[in-house]
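Good morning. I will go through one structure today, part by part, and I will start with a term we need. Please have the model open on your screen.

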Amino acid sequence: MTMRIAAAATLAALLGCSDERSPPQDRTAPRLVSRAPDAAGRIDETTPALFVFDEAIGRIGGVGAAGGDGMPDPGWPLLDGRSVAVPVWPGYLVRALDPRAFEFQLQVLGVADVAGNATDVAETFTFVDGPPLDVPGAATSASLALGPGGRPAVAWTVQDSQAWLARWSEELLTHGDYAWDRGDLPWPIASADAVDLATTPEGALVLAGLGGSRSVEVFEDGLWGFETRGLVGVDVAAFDVRYAPGGALHVAWTGRETLGAGPRQLRVARRDADVWTALGAPAPESGCATAPSLAFDRTGYDLVPVAAYAAAPCEGGATTAHVVRWSIASWQDLPLPQTALSGVPTIAADASGTWVAVRQDQAVRVLRRDGAGWTELGDATAGDLAQVSSAALALDASGVPVVAYAGAAGARPLGVRRLVDGSWAPVAGFDALLPGTAATVEALETDASGGTVLAWREQDPGARSRLYVRRVPLPP
């Protein structure tokens, strides 16, 4: 009997059998259970595409990307338990100003669990913004202008009085490089506290900066680079540079008559035949003027400048909006209605009249003047924000006003609306913007084909700014 039992045990050992149960072997590869962003996200290396699996990941073979208008450059993925995070670097995008969303298929290859079971995963991610301009520090101001073919240029300043310029470059795109070409600035502008851009009637770039002299120095891009066009203003606080359509270069600023004496007033100068001619100052308001905005009225026989500005007690207090129009040899006051008196105005004009958007605490009120009085067109935000912090106004190729606005971070911190049949309607293509923090509207322009171009700034928690530029065609 004993010999039979021993023989059976020997046979069981030879056949690999045992009385003890062995644990089941894992032969199932990891399964993707979620991803982020699950809808439209942002192209941002600080917010990677995320793959989440149903079990811990031991290793991966690699990552890849394909599809869309170009190819993002994924950084090496990061493993954390059940997650694989793939940074998406925005360096190799083309058509980044195209309003379409960018779709990319990101692949994680050879995703293996701790038992070595592996699989490949591919997911399509949609991004709603092109690559931003990374700013080395906290930006304090920015400006936008559209050059030949509607190609944008952006200038900005940072806290330590440094100015920068970048232009959209089709040539760089053909080499698969960054689309923004950072050019050299003339040395007086390179250390400016504020900058502004404009274009000549021929499409050349005009650059103005406010530096240590507290005067506005103006340069125009020529055959040999930026060429000086002179200095204007004394003890300037803010300024706006514009070329009259088919006409002369103008600068509006708020400054003093002499250095350190008296309140700051709105002042305007025009450049004729290499000579700057002062157009004087409107009747002085009580307090100090700020936030000048310049346009050109074409409703009459002559093309004349119109300007908007805000005024407040020099020691601080409530701000009032003002609009003036140049008439022969003096400024004519165009008083705004009581509902639009409080706030900071922005002006635009064309052959149909003069338009003003007044930014108030909780609204952006738009008005149009086509004769002797103002017509109120309501609140462009349509109650979208509890608090408005910045706004801009432009007229599209059809003469229809477009308003961009921003407020505190919330459900809709950034919006763009266009006047359609007497109501303010969101502009399709901007409604998917997803600022990660409170945004600041820097500029709004329209190009010759009717497209709307918006520049806005965001600040991240690390006190680093990013500038975004986006173009949307004229709605049909």
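Strands here are DSSP runs of E, at least two residues long, numbered from the N terminus. With that numbering, P313 is found in the loop between β26 and β27. Keep in mind throughout that this is a predicted model.

Confidence comes next. The protein has a mean pLDDT of 79, and 76% of its residues reach 70 or more. Two stretches should be named. Residues 8–16 have a pLDDT below 50, and beyond near neighbours in sequence this stretch has one contact in the model. Residues 91–100 are also below 50, but here the model has 33 contacts beyond near neighbours in sequence. Where pLDDT is low, the predicted coordinates should not be read in detail.

Back to P313. What does P313 touch, leaving out residues up to four places away in sequence? The list is G287, C288 and A318. P313 has a relative accessible area of 33%, so it is partly exposed. Another proline to look at is P263: it is 50 residues from P313 in sequence, while the C-alpha atoms of the two are 9.3 Å apart in space.

How many disulfides does a search of the whole structure find? It finds one. The bond joins C288 to C314, with 2.0 Å from S to S. The link of C288 and C314 is right-handed, with 95° about the S-S bond. The pair connects distant parts of the chain, 26 residues apart: C288 belongs to strand β25, residues 288–297, and C314 to the loop between β26 (304–312) and β27 (320–327).

Are the two cysteines buried or exposed? The cut-off for buried is under 20% relative accessible area. C288 is at 15%, so it counts as buried. C314 is at 47% and therefore counts as partly exposed.

Next, a residue in another strand. Q265 is placed in strand β23, which covers residues 265–272. The relative accessible area of Q265 is 18%, so this residue is buried as well. The side chains of Q265 and R267 are joined by a polar contact of 3.4 Å. On strands in general, the side chains of a regular strand alternate between the two faces of the sheet.

Now a sheet. Four strands form an open sheet in the order β33-β34-β35-β36, with antiparallel pairing.

The last stop is another antiparallel pair. Strand β38, residues 452–459, is joined to β39 by eight bridges. There, T452 stands opposite V472 in β39. How many of the eight residues of β39 are buried? Seven are, so this strand, residues 465–472, is largely enclosed by the rest of the structure.

That is the end of the tour. Questions are welcome.

Conventions
Residues numbered from 1 in each chain as written. Predicted model: local features only at pLDDT ≥ 70, side-chain atom pairs only at ≥ 80, totals over all residues. Heavy atoms only, no water. Pairing = 2+ DSSP bridges. Buried < 20%, exposed > 50% of the residue type's maximum accessible area, 1.4 Å probe, protein only. Polar contact = N/O pair within 3.5 Å; in protein donor to acceptor, adjacent residues only side chain to side chain. Disulfide = S-S within 2.5 Å. Contact = heavy atoms within 4.5 Å. pLDDT = per-residue confidence, 0-100.
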